[in-house]
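Good morning, and thank you for making time for this item.

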Amino acid sequence: MNSYTCFLAFFSILLVSVSCNNIIQEACNKALKSDSQPKVTFNFCVGSLEKHPNGEMARSYEDLAPITLHIMKSAARHVSFIISKMMKTKNVDIHTKAGLEVCVQLYSLADSDVQRINGYLKAKDYFSAKTGASGLVTSSVTCEDVFNEGKKTVSPIAKENNDFCRLAIMLLTFIPDAKSEK
């Protein structure tokens, strides 16, 4: 009887693990299909969600939205830190510095936007949550575009912008559609 109980416990854990992994893979496939300008890759999506401590506990797309927001909050703070560090160096040209100043403002706002979107999700205000997530996509694109205007310079944070944009696209996919009220 004891070995039977151990077998059932092991089998239950295995089933939970496989179903979580399936949710993440299913959600990432959905994110790939919804991305009109393919920025999201399957490996990036799955890797980001599986690395998060709560990734294994996700049971639905709705569970993945707060996880993605948590990852985005860390990413926004990390990008702000990188920018602050870059701006303190003396070898940054004036055009790059101007672009970085715009980006640091956008990422500072993104941090508070992430908190606001989390509140919308908790209140099940999916329309506002999706609107906010769209704004996060726009912020990362705007940050990158700043370096391509006027005297074109190479963005020193292109990878970070791209990753943040990918996360925002994933978030848009994981937020349920707003129910139409009749």
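Predicted model: local features only at pLDDT ≥ 70, side-chain atom pairs only at ≥ 80, totals over all residues.

The protein has six helices and zero strands, and its pattern along the sequence accordingly reads α-α-α-α-α-α. Of the 182 residues in the protein, 38% are buried. The accessible surface comes to about 10900 Å², and carbon and sulfur atoms account for 59% of that area. As for contacts, if we take those between residues at least 6 apart in sequence, 72% of them join residues at least 24 apart.

Let me now move to the cysteines. How many disulfides does the structure hold? There are two. With the bonded cysteines numbered in sequence order, the pairing is 1-2, 3-4.

The disulfide between Cys-28 and Cys-45 has an S to S distance of 2.1 Å. Which parts of the chain does this pair tie together? Cys-28 belongs to helix 1, residues 2-34, and Cys-45 to helix 2, residues 42-51, so the bond ties together parts that are 17 residues apart in sequence. On the handedness of this link, the torsion about the S-S bond of Cys-28 and Cys-45 is about -80°, and the disulfide is therefore left-handed. Cys-28 counts as buried because its relative accessibility is 0%, which falls under the 20% cut-off. Cys-45 is likewise buried, at 0% relative accessibility.

The other disulfide joins Cys-103 to Cys-143, with the sulfur atoms 1.9 Å apart. The angle about the S-S bond is 110°, and the link of Cys-103 and Cys-143 is right-handed. Cys-103 is buried, with a relative accessible area of 0%, and Cys-143 is buried at 0% as well.

While we are on cysteines, I would also point to Cys-165, which counts as buried at 3% relative accessibility.

Is Thr-173 buried or exposed? Thr-173 is buried, because its relative accessible area of 6% is under 20%. Where does its side chain reach? The side chain of Thr-173 reaches the backbone oxygen of Ile-169, at 3.1 Å. Setting aside neighbours within four places in sequence, Thr-173 is in contact with Ala-27, Lys-30, Ala-31 and Ser-34.

Finally, consider Ser-112, which is found in helix 4, residues 94-122. Ser-112 is partly exposed, since its relative accessible area of 30% lies between the 20% and 50% cut-offs. The side chain of Ser-112 reaches the backbone oxygen of Leu-109 at 2.9 Å. Ser-112 and Ala-76 are 36 residues apart along the chain, and their C-alpha atoms are separated by 9.8 Å.

To draw this together, the model is one of six helices and zero strands, and it holds two disulfides. Of these, the link of Cys-28 and Cys-45 is left-handed, whereas that of Cys-103 and Cys-143 is right-handed. Thank you for your attention.

Conventions
Residues numbered from 1 in each chain as written. Heavy atoms only, no water. Helix = DSSP H or I, 4+ residues; strand = E, 2+ residues; numbered from the N terminus. Buried < 20%, exposed > 50% of the residue type's maximum accessible area, 1.4 Å probe, protein only. Polar contact = N/O pair within 3.5 Å; in protein donor to acceptor, adjacent residues only side chain to side chain. Contact = heavy atoms within 4.5 Å. Disulfide = S-S within 2.5 Å. Areas by Shrake-Rupley, 256 points an atom, 1.4 Å probe, with all protein chains shown as cover.
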